[in-house]
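Student: I am new to this structure and would like to learn how to read it step by step. Could we go through it together?

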Amino acid sequence: MEEQDIAGTQSGLPEKLSKPARRALQGAGYLTLEQLTKAGEAELLKLHGMGPKALDQLRRAMADKGLNFADEKQE
């Protein structure tokens, strides 16, 4: 079952994503994995509450859906 964001819509964010990382993303306006395709990893790491583990969880969840961060090259 996918987690729902504040508005009650399916976010696709990893269920085990920490609450600080989730709050950081929501505070920056990122509510879905699709929105993260417009962000770079370095940009996300600057958010308070976002760390390497959370970024890895997001990268894996995005890869499962065929998505990439903006600064990742398509192969």
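Student: Before looking at details, what is the mean pLDDT of the protein chain?

Tutor: This is a predicted model, in which local features need pLDDT of at least 70 and side-chain atom pairs count only at pLDDT 80 or more, while totals for chains, interfaces and linings use all residues. Residues are numbered from 1 along each chain as its sequence is written, and side-chain values use heavy atoms, with hydrogens and water left out. The pLDDT is the predictor's confidence in each residue, from 0 to 100; its mean for the protein chain is 86, and 83% of the residues reach 70 or more. Over residues 1–9, however, the pLDDT is below 50, although this stretch has 17 contacts in the model beyond near neighbours in sequence, a contact being heavy atoms within 4.5 Å. Where pLDDT is low, the predicted coordinates should not be read in detail.

Student: How many helices and strands does the protein chain have?

Tutor: Helices (H or I, at least four residues) and strands (E, at least two) are DSSP runs, numbered from the N terminus. The protein chain has four helices and zero strands, so that its pattern along the sequence reads α-α-α-α.

Student: Which residues of helix 4 are buried, and why are they on the same side?

Tutor: An α-helix has 3.6 residues a turn, so residues three or four places apart point the same way. Buried means under 20% relative accessible area, exposed over 50%, and partly exposed in between (1.4 Å probe, protein chains only). In helix 4, the buried residues are Ala 54, Leu 55, Gln 57, Leu 58, Ala 61 and Met 62. They cover an arc of only 160 degrees around the axis, which puts them on the same side of helix 4; the arc is that of the directions from the helix axis to the C-beta atoms. On the other side of helix 4, Pro 52, Lys 53, Arg 60, Ala 63 and Asp 64 are exposed.

Student: What do the buried residues of helix 4 pack against?

Tutor: They pack against helix 1 (19–27), helix 2 (33–36) and helix 3 (41–45).

Student: Which residues touch the most other members of the largest nonpolar core?

Tutor: In soluble globular proteins, nonpolar side chains tend to be buried together. A nonpolar core is a set of buried Ala, Val, Leu, Ile, Met, Phe, Trp, Tyr and Cys residues joined through side-chain atoms within 4.5 Å. Here the largest core has 17 residues, of which Leu 25, Leu 33, Leu 36, Leu 44 and Leu 58 touch the most other members. Helix 4 gives the largest share of this core, five residues. Not counting residues up to four places away in sequence, the contacts of Leu 33 include Leu 13, Leu 58 and Met 62.

Student: Is Pro 14 buried or exposed?

Tutor: Pro 14, in the segment before helix 1, is buried, with a relative accessible area of 15%. Pro 14 and Ala 61 are 47 residues apart along the chain, yet their C-alpha atoms are separated by 6.4 Å. Beyond residues up to four places away in sequence, Pro 14 touches Arg 22, Gln 57, Leu 58 and Ala 61.
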